[in-house]
Amino acid sequence: MSEQLWGGRFSKSTDEMINEFQASIQFDKRMYHEDIAGSIAHARMLAKCGIISNDDCQKITDGLKAILADIEAGNFDFSIDLEDIHMNIEKRLTDRIGEAGGRLHTARSRNDQVALDTHMYVRKETADVSKLILDLQKAFVETARKYDDVIMPGYTHLQRAQPILFSHHMLAYFSMLCRDFSRFKGVYERCDIMPLGAGALAGTTFPIDRQMVAKQLNFSAVYPNSLDAVSDRDYIMEFLAAASILMVHLSRLSEEIVLWCSREFSFVELDDAHCTGSSMMPQKKNPDVSELVRGKAGRTIGHLMAMLTTVKGLPLAYNKDLQEDKEGLFDTIDTVKFSLAVYAQLIRGMKVKKETMLKAVQEDFSNATDLADYLVKKGMPFRQAHSVSGKAVHYCIEQHKWLEDMTMEEFKKLSALFEPDVKEAIRPETCVKNRNSYGGTSYAQTQMQLTAADQILKEQQDQLDFYSSRKIKI
């Protein structure tokens, strides 16, 4: 028979094709640190509770630390016959220290062991993703401050709508990432629950101390129900959902970057380091990073849908289907971390074309609402003012001019309420300055948003410091 540690019940070896089909070592070996940390904590608890001897506990602990060193030095050969990271480490431990290694799995199942490893891994990666979110937020704030006087067209339906500050636009993405940070904080809380001690599904007959294990591994809580402990994958679905929303935000940004650096817009220029050329067309400078991130958003969403579909029909407690929770999760983690890191570089390296953006605002009718507001402030009902402003736009289109080019005589034909100060009222700078309602695009409101952003960044850094203080060290 092959070297499986569960083979006592069987009289035949598992078919090699089945071994390969059911093995997860190809991808779950990345959880080796979590598996070893959990096993050391479990062994120390078993010794404290008198279930194994202190001598065996020391042998197990020393053996596991030696295995950790081997893995990190690249001196560990993972076997597909042993299926997963848990069996690979346990077999190596038993080979190295003998009988004591066989006692490690007392009062433990692979069901609660894999749940523990995954909880710890997602908790760690959630902290890392949150750190990268914070760095991208800082990039948006830095860029907003760098270009705090740049005016650009704001859009609805991808049609120029009203003048806004470019910094205001950057801070909109900052706000999206604030929600993303908060969502991942919720993910952290939901994976900060310790499942070990649930056994296969019903607990154990041994007098274990689950709270001791939780304390060693810095868990805030312990699952109160053993069935739920081994079958819960909510925290993984929640991670994938938070990651999908985050990637949607980056995808929307990507779409805008692709548009902005096109010849048709020419609002920004990306650093050469973040673009590629064409194998045929020498003039091309392609925004590949933005296009890739936009594409990878669909991949992340796909992993969320796959996980929801996998879990939706599963009876309690553990089912082998749940092995499918990892490949999509790991790929999502890698995708999100890469996307966040590369976008922080891209935003910091992006050059904003101030004059091009201002010209785009001056050569359109995005100040038409301000023309209507001007009349309202003179006493005209808004609906009537809206109509007058619309007629002014229609007239300008026929005369091939812009609102700012109209003479006072032309304005007076539309309404006697127009005075010479209308010219100042519809300048792009005035349009921006006057939008001073809370959260608006005015210079004053944008500066308030930047000040508030500094406080938010500080609070989020405090949260990251908390995460760092709870990292597991072996």
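Visitor: Which element gives the largest share of the lining of the second largest cavity?
Guide: This is a predicted model, in which local features need pLDDT of at least 70 and side-chain atom pairs count only at pLDDT 80 or more, while totals for chains, interfaces and linings use all residues. Residues are numbered from 1 along each chain as its sequence is written, and side-chain values use heavy atoms, without hydrogens and water. A cavity is a set of points, on a 1 Å grid over the protein atoms alone, where a 1.4 Å probe fits but cannot get out, and its lining residues have an atom within 4 Å of a point. Three residues of this lining, the largest share, come from α11.

Visitor: Which residues line the second largest cavity, and which elements give two or more of them?
Guide: The lining consists of Phe140, Tyr173, Leu177, His249, Leu250 and Leu253. Helices are DSSP runs (H or I, at least four residues), numbered from the N terminus. Two or more lining residues come from each of α8 (166–191) and α11 (234–260).

Visitor: What is the volume of the largest cavity?
Guide: The whole structure holds two cavities of 30 Å³ or more. Volume is the space filled by probe spheres set on the grid points, which are joined across faces, edges and corners. For the largest cavity the volume is about 40 Å³.

Notes: On a 1 Å grid over the protein atoms alone, a cavity is a set of points where a 1.4 Å probe fits but cannot get out, and a pocket is an open set with protein on both sides within 12 Å along at least five of seven lines; lining residues have an atom within 4 Å of a point.
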